Structure formats: structure tokens, C-alpha cells
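Please study the sequence and the structure before reading each solution.

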Amino acid sequence: MSNLDQEPVSWRVQATVEPAGQPIEPRRAAVGESTVVARYFPSRRRTAVGPWCFLDAYGPDDVSGGPGMQVGPHPHIGLQTVTWLFDGEVLHRDSLGNSQLVRPGELNLMTAGAGMTHAEHSPTPHPPWLYGLQLWVALPDIDRSVAPAFAHHPNLPEVELDGATATVVAGHFAGAASPAAVYSALVGAEVRFGTAPALLPLDSTFEHALLVVDGALVIEGRRLERGACAYFGTGRDHLAGAADPLARVMLLGGEPLGEPLVMWWNFVGRTTEEIAEARADWEAGRQFGALPGLEAERMAAPPLPPGRLVPRS
Ligand code: MN
């Protein structure tokens, strides 16, 4: 997935203070040729949740009469991309030569590190529905130039909780660990509720966000419908709630970012100069590899805004 805001803005990301349980309101953004997403962060009010620095949700969309996702080759640096589906299929192809279909319950994890190109398309033919998340994890400064890598994880740990079952997508949750390679303390888990009151154990050093994927639930008196996202700050060792049967959420969390990030287009860096260099390299066809056969769909970088990349205020 690619950040294709028509007027890309830069965000200097740092830990932000917001009351617990606050809604994170999405905005709509076009991604690729035919997909409209709900972008929850980064935004003015919420730049990141732990190291999770980007959250797009797409669907559920009926793609039976159209091409579905059509996101051509584009570059990334300084981050990992996490693709997690609830319905449908997405074909990932990258500059390391990987071609991997991802389905619900499976994780596609791309570590862009020093620089990598990928493309994401609905396969042909494809299932009628598409519903999923595109997430980015900011790499810590010490690891952000690691060699590019891609991994597909079809088998992830499941944990039984009071009133819920969870798939541990990334990091640690409720005593289980995802096999996916990550570079900081974090959690990404899909949680499915039953009919009994539920209790989600949390790492109290983490901040968290909870996105309702299906159904609705009540957490601490606040009812959250599908599409609602709520932020919970550090210092909590659990969340207690009651859900509609078959409700499902995505839980994201991690230690608050301890370092400033500069995010622009598909790049996560630390300085304006570094971002400008990455953009120039992409435009010149350097450093990011290629996707033979897909170059006609290669995305052009938008122009850099004048001056320093600083937060919108
Ligand atoms: Mn991408």
C-alpha cells in the first residue's frame, strides 16, 4: 500500500498526550488506481501508536466487478509494512523477487530498511470481497538501514483469553509471540470475541489502539462500532469489555516512540535531507531495485514541499 495523498504532508512524529479511550477519527484517502481507504494515522491528532506509524483500513469492498487493489511499484525506507486481511486476497511483489499471495489469517511482512520497492494487486481472478489493513512499523534509528527483507507467515500463534481468542500477528501478546521479525517492543493482534465479558491483558508500558473490524463492543462504558478506533495511553494492564457475538478488533500497541521521525510519502526518516535523497534516488531509478514487468505502473514521487519537512500545525 502506498501513501498517495494528493497533497502529501510531513509529520514529525513524537509521543503525544491524549486522554485514554479517545477516538482516532479516520480520513479518506485514495490508494492506487481503485482503492479508497480509511486512514487513521498519521494525522494531526495522532501521529503514531508505539512504533505503529501508519494505519489504513480498506473495505469491506465488493471488488467482484472491478480490478480490486491496483497499487503499482513504489519505494519505502525506514519502516516495515504489515499486510493483514480479513477477507479477500492480495498479491505482493517486490524488488527482491518475491511474489506472495496473502490471505486472511496470514501475515505479509516487508522490512524495507535501507530501501525496497513493492507492488500490491488483487490477483486475477480474485475473491469478491476485499477487507484488510495496511500498517507501517517505524524502525528504530539503530535498525532503520537494515538489509531489505520479506517474510510470509501463514501460521501464527493463537491464544485463548477470557471471553476472546486472539491471533498474535506481530510482537508479544498474552504470553505468546509472533514469529515475525520486529525491531522494537510492540503488539499487533486480531481479537475475536465470544458472548462472555472479555478481558484483554496489556503490557502497561505500551500505549494501544483498538480498531473495531466487525460487530461492536463496549469498553469502559464507551460503545465502539465497526470502523471505530480508540486510543489508550500507557499504564494499563488490561482492557475489559463486552462485545456483540462475532465482534472482532485489531489491537495495536507498543512503547511510545522515543525519537522523532520525519515521514513523507512512503518514506520514514529522520531528516529532510535524507527524505529528499530517497526521493531523488527513486526518481532516478537508483537504490530501490525494480519490478520487471511492472515498471509501466511505477509510481512517480510527488514534489517535495518547499522548506523543511515539519509538522502541520
Ligand atoms: Mn507500500
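**Exercise 1: Nonpolar cores**

Within the largest nonpolar core, which has 29 residues, the members that touch the most others are Tyr40, Trp52, Leu55 and Met250. A nonpolar core is a set of buried Ala, Val, Leu, Ile, Met, Phe, Trp, Tyr and Cys residues joined through side-chain atoms within 4.5 Å. The model is predicted: local features need pLDDT of at least 70 and side-chain atom pairs pLDDT 80 or more, while totals for chains, interfaces and linings use all residues. Residues are numbered from 1 along each chain as its sequence is written, and side-chain values use heavy atoms, without hydrogens and water.

Task: State which strand gives the largest share of this core.

Solution. Step 1: The largest share, 4 residues, comes from strand β12 (residues 129-138); strands are DSSP runs of E with at least two residues, numbered from the N terminus.
Step 1: Another core, of 27 residues, lies apart from it and includes Val191, Val212, Ala230 and Phe232.

**Exercise 2: The setting of His121**

Task: Determine whether His121 is buried or exposed, and which side chains make polar contacts with the side chain of His121.

Solution. Step 1: Locate His121 in strand β11 (residues 116-121).
Step 1: The relative accessible area of His121 is 4%, so His121 is buried (buried is under 20%, exposed over 50%, partly exposed in between, with a 1.4 Å probe and protein chains only).
Step 2: The side chain of His121 makes polar contacts with those of Arg93 (3.3 Å) and Glu297 (2.7 Å). A polar contact is a pair of N or O atoms within 3.5 Å; within protein, one must be able to donate a hydrogen and the other to accept it, and residues adjacent in sequence count only if both atoms are side-chain atoms.
Step 3: Strands β8 and β11 pair in the antiparallel sense over 4 bridges, where pairing requires at least two DSSP bridges. The bridge partner of Leu91 in β11 is His121.

**Exercise 3: The setting of Glu158**

Task: Classify the accessibility of Glu158 and find which side chains make polar contacts with the side chain of Glu158.

Solution. Step 1: Glu158 belongs to strand β14 (residues 158-161).
Step 1: Its relative accessibility is 48%, and therefore Glu158 counts as partly exposed.
Step 2: The side chain of Glu158 makes a polar contact of 2.5 Å with the side chain of Thr167, and another of 2.8 Å with that of Arg192.
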